[in-house]
Amino acid sequence: QASDSAFAAILADGSVVSWGACGDGSAVHKRLRNVQQIQATSSAFAAILADGSVISWGDLGNGGDSSDVQSQLKNVQRIQATTRAFAAILVDGSLVTWGDPKAGGESSQVQDQLKNVQQV
């Protein structure tokens, strides 16, 4: 996967190698095991692990910090991204967003409509 200025690669063993301006991932590198999918904003990455949890890194304001929604990021099926925000579809069809509110990272105004989400 690629951001504007970094890459992240999933290796055969499920670990991740990332490099470039936002791709270092050194703060989370040891936790990036059994990675199933990686998605990127312009300057952050988010990875789904085999247990359905999510780890994000990179520019904090552009999705690299998912700590505000981390407790909701369980049983994640898929992640999509805008240039500055992420959206995670959960197994139960709900949606969790984070990142820049002006780029889709804030979905509370439509959250009651986001039921049985199949695709973003």
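A salt bridge here is a side-chain nitrogen of Lys or Arg within 4 Å of a carboxyl oxygen of Asp or Glu. With that in hand, welcome to a set of close-ups. The model is predicted, so local features need pLDDT of at least 70 and side-chain atom pairs count only at pLDDT 80 or more, while totals for chains, interfaces and linings use all residues. Residues are numbered from 1 along each chain as its sequence is written, and side-chain values use heavy atoms, with hydrogens and water left out.

**View 1. Asp 100 and Arg 84 meet in a salt bridge.**
The N to O distance in this pair is 2.8 Å, and the count by this rule comes to one salt bridge. Asp 100 belongs to the segment after E8, and Arg 84 to the loop between E6 and strand E7 (85-90), so the pair ties together parts that are 16 residues apart in sequence. Helices (H or I, at least four residues) and strands (E, at least two) are DSSP runs, numbered from the N terminus. As background, side chains of opposite charge can pair when their charged atoms come close.

**View 2. E6, E7 and E8 form an open sheet.**
The three strands follow the order E6-E7-E8, and their pairing is antiparallel. E6 and E8 are the edge strands, each pairing on one side only. On average, neighbouring strands of this sheet are turned by 20 degrees against each other, direction ignored; axes are lines fitted to C-alpha atoms, for helices over the stretch in contact, and angles run from 0 to 180 degrees between N-to-C directions. Two strands pair if DSSP finds at least two bridges between them. E7 and E8 are joined in the antiparallel sense over five bridges, and Ile 89 stands opposite Leu 95 in E8.

**View 3. A second open sheet has the order E3-E4-E5.**
This sheet also holds three strands with antiparallel pairing. Strand E3 (35-40) and E5 stand at the edges with a single partner strand each, so one side of each is left without a neighbour in the sheet. Its neighbouring strands are turned by 20 degrees against each other on average, direction ignored. Five bridges link E3 with strand E4 (residues 44-49), the two running antiparallel; look for Gln 39, whose bridge partner in E4 is Ala 46. In strand E5 (residues 54-58) you will find Gly 58, which counts as partly exposed at 28% relative accessibility. The C-alpha atoms of Gly 58 and Ala 6 are separated by 9.7 Å, although these residues are 52 apart along the chain.

**View 4. Ser 42 sits in the loop between E3 and E4.**
Ser 42 is buried, at 14% relative accessible area. Which residues is Ser 42 in contact with, leaving aside its neighbours within four places in sequence? They are Ser 3, Asp 4, Ser 5, Asn 62, Thr 82, Thr 83 and Arg 84, where contact means heavy atoms within 4.5 Å.

**View 5. E1 and E2 form a hairpin.**
Five residues lie between the two strands, and Gly 14 in the turn has a positive phi of about 85 degrees. E1 and E2 run antiparallel and are joined by five bridges, with Ser 18 in E2 as the bridge partner of Ala 8. Leu 11 lies in the loop between strand E1 (6-10) and strand E2 (16-20) and is partly exposed, with 39% relative accessibility. Together with Phe 7, Val 17 and Trp 19, Leu 11 makes a nonpolar surface patch of about 370 Å². Patches are made of residues with over 30% relative accessible area and no salt bridge: like charges are joined within 9 Å, nonpolar side chains (Val, Leu, Ile, Met, Phe, Trp, Tyr) within 5 Å. Accessible areas come from the Shrake-Rupley method with a 1.4 Å probe, and for residues only the protein chains shown count as cover.

**View 6. Asn 75 has a positive phi, near 55 degrees, in a residue other than glycine.**
Asn 75 lies in the loop between E5 and strand E6 (76-81) and is partly exposed, with a relative accessible area of 48%. Asn 116 has a positive phi of about 55 degrees although it is not a glycine. Asn 116 is found in the segment after strand E8 (95-99), and at 61% relative accessibility Asn 116 counts as exposed.

Notes:
Buried < 20%, exposed > 50% of the residue type's maximum accessible area, 1.4 Å probe, protein only.
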